[in-house]
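Subject: Structure handover

Hello,

Here is the structure I promised to pass on. Please open it alongside this note. My findings follow below.

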Amino acid sequence: MTELVSEKCVACRPDAPRVTEAEIRELAPLVPDWQLVERDAIPRLERAFRFANFRQAIEFTNRVAELAEEEGHHPAILTEYRQVTVSWWTHKIRGLHRNDFVMAAKTDRLYAAMSPLG
């Protein structure tokens, strides 16, 4: 994960390449808590984060939003009582880009820094 966290997202154009199956096999172990899912025929990285209460869930949502703005790469975020589900994919290419794995790793780092359940 450390190598991904140090990367900055690159601006994606509609013709940017999606990650290959080989790249997914290389990158997925670096963000092991994330699932590869398909929604609306678009592959995405998705993870649900648990919290002790709604206030922590909102705080995490806001931190992810700030990170997304800093990086210029934005997820889908579903905030519920004690849980936040984050989905990363690259809208312009309707699929996964290396940026999505970078942002998943950075999201994991935010979560780890919060001590959300302890």
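Is I93 buried or exposed? At a relative accessibility of 6%, I93 is buried, because the cut-off for that class is under 20%. Bear in mind throughout that this is a predicted model.

More on I93

I93 sits in a loop. The loop runs between β4 (83-88) and α4 (98-114). Set aside the neighbours within four places in sequence, and I93 contacts R13, P14, A16, P17 and R18. T107 is another matter. In sequence, 14 residues separate I93 and T107. In space, their C-alpha atoms are 21 Å apart.

H73

The second residue to look at is H73. H73 also belongs to a loop, here the one between α3 (54-71) and β3 (76-80). Why does H73 count as buried? Its relative accessible area is 8%, and the class takes anything under 20%, so H73 qualifies. The side chain of H73 makes a polar contact with the side chain of D100, at 2.7 Å. D100 is also one of the residues that H73 touches beyond four places in sequence.

The chain as a whole

Now the wider picture. The chain has 4 helices and 4 strands. Their order from the N terminus is α-α-β-β-α-β-β-α.

What about overall size? The C-alpha atoms fill a box of roughly 40 × 30 × 25 Å along the principal axes. The radius of gyration is 14 Å. A compact globule of 118 residues would come out near 13 Å, so the chain agrees with that expectation.

Contacts and burial come next. Take the contacts in the chain with a separation of 6 or more: 71% of them join residues 24 or more positions apart. Of the 118 residues, 45% count as buried. I93 and H73 are both in the buried class.

Last, the surface and the charges. The chain exposes about 6,700 Å². Carbon and sulfur atoms supply 50% of that area. There are 16 positive and 18 negative charges. The mean positions of the two sets lie 3 Å apart.

Then turn to I93 and its contacts with R13, P14, A16, P17 and R18.

Best wishes

How values were computed:
Residues numbered from 1 in each chain as written. Predicted model: local features only at pLDDT ≥ 70, side-chain atom pairs only at ≥ 80, totals over all residues. Heavy atoms only, no water. Helix = DSSP H or I, 4+ residues; strand = E, 2+ residues; numbered from the N terminus. Rg over C-alpha atoms; globule rule 2.2 N^0.38 Å. Buried < 20%, exposed > 50% of the residue type's maximum accessible area, 1.4 Å probe, protein only. Contact = heavy atoms within 4.5 Å. Areas by Shrake-Rupley, 256 points an atom, 1.4 Å probe, with all protein chains shown as cover. Lys, Arg positive; Asp, Glu negative; His and termini not counted. Charge placed at Lys NZ, Arg CZ, Asp CG, Glu CD. Polar contact = N/O pair within 3.5 Å; in protein donor to acceptor, adjacent residues only side chain to side chain.
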